[in-house]
Structures are given as C-alpha cells and as structure tokens.
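Please consider the structure shown below. The paragraphs that follow lead the reader through it, one topic at a time.

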Amino acid sequence: MRKLISTGSPFEKTAGYSRAVVQDEWCFVSGTTGYDYATMTMPESVEEQTRNALATIADALAEGGFSMADVVRVHYYVTDRAYVNRVFPILGEHFGDIRPGATMIVCQLNEPEMKIEIEVTALRSGP
C-alpha cells in the first residue's frame, strides 16, 4: 500500500515531492522547514521554526496513521552551529522518550530565511 500525503503547498507539485509517503508499515516524511502553512510565512527564530516543523511532521504522520512515537530515524539540518543548543531542548520535548536514531548536520538550506529542516522515518509499532 502506498499513500501520498500533502500539506497542500503548490511547491510539492512544482518540486516533485510529497510531504510524506506511506509504504506498508513505513512512513517517510520529507525534509520539513518551519513554515507556518496557515499564513505561508517563516518565523524569524530557529526555535519557532523548529516547533512549526515538528507540528507539520506530526500532522503528516497522523494523516498516515502514525504518531511521533513511531519515529525511528531523524535527520536535522541547521544553518548555524549556534542553533544546535537552542533547538536541543525543543527536540528533547518531542523525542526525549522516543529516542530515535538521529543525526544533526550544519549546512545551507534552500532559502536564506530557513534555519532548520527536519526529516523523519517512522515504522508503525502495531495495532
């Protein structure tokens, strides 16, 4: 079974991707930045961008029949090493008990206002 999940952003079709893809018991959530999809704006702070990205991820997982507790792998991409310690407490709030495998990379992102991008993989934990 394959299901494509969308946020409704026109960029998904333009760039040729889905917010998430469910394949059998797996859910692959694309790299997610901190846009507020209600207003299509990007907050200035890395903390708020992190919260928005995690909310978008949680919504995509839920639409696919998953929860944050099903996340087994996370990739974090930040644009400045100084952001690492600023986002760790927020990430801990969401994943501290789940403790998926994780990697954080300092790199450039597609747009200068983007400070963090988060990608997750989830495995359905059972009925």
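In this predicted model, Cys107 has a relative accessibility of 24% and therefore counts as partly exposed, since buried means under 20% and exposed over 50%. Cys27, by contrast, has a relative accessible area of 0%, so this residue is buried. A disulfide is a covalent bond between the sulfur atoms of two cysteines. A search of the whole structure for such bonds finds 0 disulfides.

The next topic is a glutamine. Gln49 belongs to helix α2, which covers residues 46-63. Is Gln49 buried or exposed? Its relative accessible area is 0%, and Gln49 is therefore buried, because a value under 20% is what buried means. Which residues surround Gln49, once its neighbours within four places in sequence are left aside? Gln49 is in contact with Gly34, Met42, Pro43 and Glu44, and also with Glu113, Met114, Lys115 and Ile116. With Glu113 there is a specific approach: the side chain of Gln49 reaches the backbone oxygen of that residue at 2.9 Å.

Rolling a probe the size of a water molecule over the atoms shows where empty space is left. The largest pocket has a volume of about 340 Å³. The largest share, 3 residues, comes from β3. Sorted by class, the lining of the largest pocket comprises 7 nonpolar, 5 polar and 3 charged residues.

Phe95 lies in helix α3, which spans residues 84-95. With a relative accessible area of 5%, Phe95 is buried, because this value is under 20%. Not counting residues up to four places away in sequence, Phe95 touches Leu54, Met68, Val71, Val74, Tyr76, Pro100 and Val120. Ser18, for its part, is 77 residues from Phe95 along the chain, and the C-alpha atoms of the two are separated by 23 Å.

Technical notes. Residues are numbered from 1 along each chain as its sequence is written. This is a predicted model: local features need pLDDT of at least 70, side-chain atom pairs count only at pLDDT 80 or more; totals for chains, interfaces and linings use all residues. Side-chain values use heavy atoms; hydrogens and water are left out. Helices (H or I, at least four residues) and strands (E, at least two) are DSSP runs, numbered from the N terminus. Buried means under 20% relative accessible area, exposed over 50%, partly exposed in between (1.4 Å probe, protein chains only). A polar contact is a pair of N or O atoms within 3.5 Å; within protein, one must be able to donate a hydrogen and the other to accept it, and residues adjacent in sequence count only if both atoms are side-chain atoms. Contact means heavy atoms within 4.5 Å. On a 1 Å grid over the protein atoms alone, a cavity is a set of points where a 1.4 Å probe fits but cannot get out, and a pocket is an open set with protein on both sides within 12 Å along at least five of seven lines; lining residues have an atom within 4 Å of a point. Grid points are joined across faces, edges and corners, and a volume is the space filled by probe spheres set on the points. Ala, Val, Leu, Ile, Met, Phe, Trp, Tyr, Cys and Pro count as nonpolar, Asp, Glu, Lys and Arg as charged, and the others, Gly among them, as polar. A disulfide is a pair of cysteine sulfur atoms within 2.5 Å.
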